[in-house]
Amino acid sequence: MNIFIKKTIFFIIIGLSTSYITDIVYSYVFRPKGGQSSWNDIYNDNINSDIIFFGTSRAQFHIVSSIITDSTNISVYNLGLSAARTEIQIIRLKEFLAHCTHKPKRIFLEVGPFLINSAGFIDYNYCFFMLFNKDFLNYTTQLQNQYEWTDIYFPIKRYSGHFLNHIRNYLKRDDKDSCYRGFYNPWKKWVVGEGMQRNITKFDIHPLRVKYLNEFIQLCIDNHIEVSMIYTPENHLINYTNKQEIINLFQATADSFGLEFKDFSKDSIPINTDTLYYHDVFHLTSDGAIKFTSENLVPYIKELYKL
């Protein structure tokens, strides 16, 4: 009986070790590229910039890092990520601070409506970075109802049902289709159906995501990083009813921390009244991103830095 127990324990240890090694290798091989490749730059310590942008797709798709650098001679990286609400923003900030050897002097946080709204969003690209990561456990499990503690500590479990999708995405991905210093925007034109679909009538604000917004800002301050908040362009055809409430919330948050808050969504900004530069009412095309960055964002940064 004693020998049986020893053998059982031995095979359990071998099985778990093999499973964890398989998890680590799988996570490395199939980790995302394209619009998600900035995750890799975080963990590989490839971000050595004085300015970093955080936010949702409205940061990632709207802010052309190279244009800002060329115009200001300040190194810039865009860590915006599609549908990444405040729980993911603070996880990415913590991971970045843990792995970087060069802290930025300033972080610009894009604070559009998708950052704090109540809608759930499942993105299985997060799975590649979740093993033993307590922050994913502490933040995402409270909000997204898609992960459990076993997904964080048990090998492979979080990938269940998605292996074929990962393999399919790996086989069809193009290494050229990647971020350039975090900026990613594959869109070229206005899509009517998409534009109407994005015409949301109201955003419900999640109080826990507002709490995480404040935690994000405080973490920057604790690390002696200056913070600015920006609200990126929206097309004038947008009609959600509580936009001013959201703007007021961000302004009040900025005021409470003594931060700069810049609203680029006003109708007085020409780009917001022309569908030529939009993919849908919330997102610019690649040409729109170039125009916004060059004509609006760069002058703002120059003014902020007195260049």
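Helices (H or I, at least four residues) and strands (E, at least two) are DSSP runs here, numbered from the N terminus. The model is predicted, so local features need pLDDT of at least 70 and side-chain atom pairs count only at pLDDT 80 or more, while totals for chains, interfaces and linings use all residues. Residues are numbered from 1 along each chain as its sequence is written, and side-chain values use heavy atoms, leaving out hydrogens and water.

Let's start with Arg-209, which sits in helix H10 (residues 207-222). Arg-209 counts as buried because its relative accessibility is 1%, where buried means under 20% relative accessible area, exposed over 50% and partly exposed in between (1.4 Å probe, protein chains only). A polar atom of its side chain lies 2.6 Å from the backbone oxygen of Asn-117.

Now turn to the sheet. Five strands make up an open, parallel sheet in the order S2-S1-S3-S4-S5, and two strands pair if DSSP finds at least two bridges between them. Strand S2 (76-80) and strand S5 (260-263) are the edges, each pairing on one side only. Within the sheet, strand S3 (residues 106-110) runs parallel to strand S4 (residues 226-231), and five bridges join them. Look for Ile-107, which stands opposite Val-227 in S4.

Finally, have a look at the helices H1 and H8. Helix H1 (2-29) and helix H8 (163-172) each supply at least two residues of a nonpolar patch, and H8 gives the largest share, five residues. Val-25 belongs to helix H1; with a relative accessible area of 46%, Val-25 is partly exposed. Patch residues have over 30% relative accessible area and no salt bridge; like charges are joined within 9 Å, and nonpolar side chains (Val, Leu, Ile, Met, Phe, Trp, Tyr) within 5 Å. A salt bridge is a side-chain nitrogen of Lys or Arg within 4 Å of a carboxyl oxygen of Asp or Glu.

Notes:
A polar contact is a pair of N or O atoms within 3.5 Å; within protein, one must be able to donate a hydrogen and the other to accept it, and residues adjacent in sequence count only if both atoms are side-chain atoms.
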